[in-house]
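Student: I am new to this structure. Please show it to me, and then let me ask about it.

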Amino acid sequence: MAHKIAVIPGDGIGPEIVREARRVLDSADGKYGFELEYTQLLMGGASIDVHGVPLTDEAIAQAKASEAVLMGSIGGDAKTSPWYKLEPQLRPEAGLLKIRKELNLFANLRPAYLYDELRAACPLRDEVIGDGFDMMIMRELTGGLYFGARETVVENGVRKAVDTLVYNEEEIRRIAVKGFDIARKRRRKVCSVDKANVLDSSRLWRAVVEEVSRDYPDVELSHMLVDNCAMQLVKDPAQFDVILTENMFGDILSDEASMVTGSIGMLSSASLNETKFGLYEPSHGSAPDIAGKDIANPIATILSAAMMLRYSLDLDEAADAIEAAVSQVLREGYRTVDIMSEGCTRVGTAEMGTLIAARV
């Protein structure tokens with residue numbers, strides 16, 4: 001029976017990079033004995049242009065009827081796109097927040113891995129890089145400051161804005177369980193990041209993570225304040241295995257981690273709920289300035305597709321093959337413009353997808 005996959009090409013370079021991810025998936029399905037059945041959905045600016053809203057209820061229902069969602073990128077140029085003249089709840093990114101909430105995608109996985117072939121692109125010194133690094137940032141995605149009550153008011157002639165950071169223990173517990181489960185598939189180390197010296201929400205976070213850790217005696221738990229973690233990511237990134245943290249901290253730290261790998265175009269991500277269902281997308285944006293030019297790097301989306309096979313469909317062998325094919329193409333010296341270095345062969349979006357598909 002075919003696995004049902006919802007596909008959201010999105011905006012900007014999204015359709016181009018999703019096309020190459022599907023090309024790679026199609027090269028794997030025949031070889032590894034599975035079949036994928038795709039349903040294409042609109043979200044973001046592409047949905048606004050057709051339906052007037054960034055995400056329809058019908059699209060949500062179709063996503064829920066699938067086993068996983070593979071997505072490109074959402075949004076456009078905030079300065080020039082008519083999408084950003086709309087009310088905030090009607091702009092492209094509102095669709096992304098809505099689908100996360102509707103599908104209960106509370107656990108965001110952002111791997112940050114340094115390919116040896118891309119060491120030269122890493123902004124850190126060789127002595128800091130050492131033998132490289134391989135970390136997974138586990139970000140709570142549907143709670144905290146981004147989803148709390150907010151308002152802007154005028155009091156006594158003075159404007160005042162209020163954003164509310166709220167977590168309950170169950171929201172913390174479920175992301176902690178995911179974090180420890182992922183750590184068991186890796187090097188069995190969890191670093192929980194908070195601001196427990198200041199915030200009550202962080203003190204509760206730390207207490208609940210400690211409670212969860214008792215069920216994982218084989219996983220080493222440590223705690224780190226978020227400001228120290230930001231510093232340690234550029235001082236000694238190899239110390240981290242799984243970084244477990246709340247929504248806003250995870251947003252900031254995962255972007256920092258992505259840049260020490262040398263290119264955000266290499267970084268995949270997954271957002272999971274309490275089942276095996278997940279939404280898989282690259283960590284980068286829609287890059288509207290290069291859309292349609294055949295220069296976008298599709299590797300992050302291809303690696304996201306591999307994560308989809310691994311975490312939602314339990315097709316680990318095929319996922320391994322795709323990841324190995326990416327490494328092989330890099331070893332052979334093929335590069336898109338964002339990771340290009342002297343002595344390598346520059347290729348476009350489509351050719352990079354073709355090369356990886358041929359090596360799966």
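This is a predicted model: local features need pLDDT of at least 70, side-chain atom pairs count only at pLDDT 80 or more; totals for chains, interfaces and linings use all residues.

Tutor: Residues are numbered from 1 along each chain as its sequence is written, and side-chain values use heavy atoms, with hydrogens and water left out.

Student: How many helices and strands does the protein have?
Tutor: Both are DSSP runs, numbered from the N terminus: helices are H or I with at least four residues, strands are E with at least two. The count is 12 helices and 14 strands.

Student: What is the radius of gyration of the protein?
Tutor: It is taken over C-alpha atoms, and the globule rule is 2.2 Å times the number of residues to the power 0.38. For 360 residues that rule gives 21 Å, and the protein comes close to this, so it is as compact as a globular protein of that length. The radius of gyration is 20 Å.

Student: What percentage of the residues count as buried?
Tutor: Buried means under 20% relative accessible area, exposed means over 50%, and partly exposed lies in between (1.4 Å probe, protein chains only). Of the 360 residues, the buried share is 54%.

Student: At what angle do α1 and α10 pack?
Tutor: Axes are lines fitted to C-alpha atoms, for helices over the stretch in contact, and angles run from 0 to 180 degrees between N-to-C directions. Helix α1 covers residues 14-32 and helix α10 covers residues 299-311, with axes 8 Å apart; the angle is about 45°.

Student: Which residues of α9 meet α8?
Tutor: The axes of α8 (residues 226-235) and α9 (residues 247-260) come within 10 Å and cross at roughly 10°. The two helices are therefore roughly parallel to each other. Contact means heavy atoms within 4.5 Å. From α8 come V226, C229, A230, L233 and V234; from α9 come F249, L253, E256 and V260.

Student: Which residues does Y32 contact, leaving aside its neighbours within four places in sequence?
Tutor: Y32 lies in helix α1. Y32 is partly exposed, with a relative accessible area of 24%. Its C-alpha atom is separated by 8.6 Å from that of L315, 283 residues apart along the chain. With those neighbours set aside, Y32 is in contact with E317, A318, A321 and V360.

Key
Angles under 35 degrees count as roughly parallel, over 145 as roughly antiparallel, 65 to 115 as roughly perpendicular and the rest as oblique.
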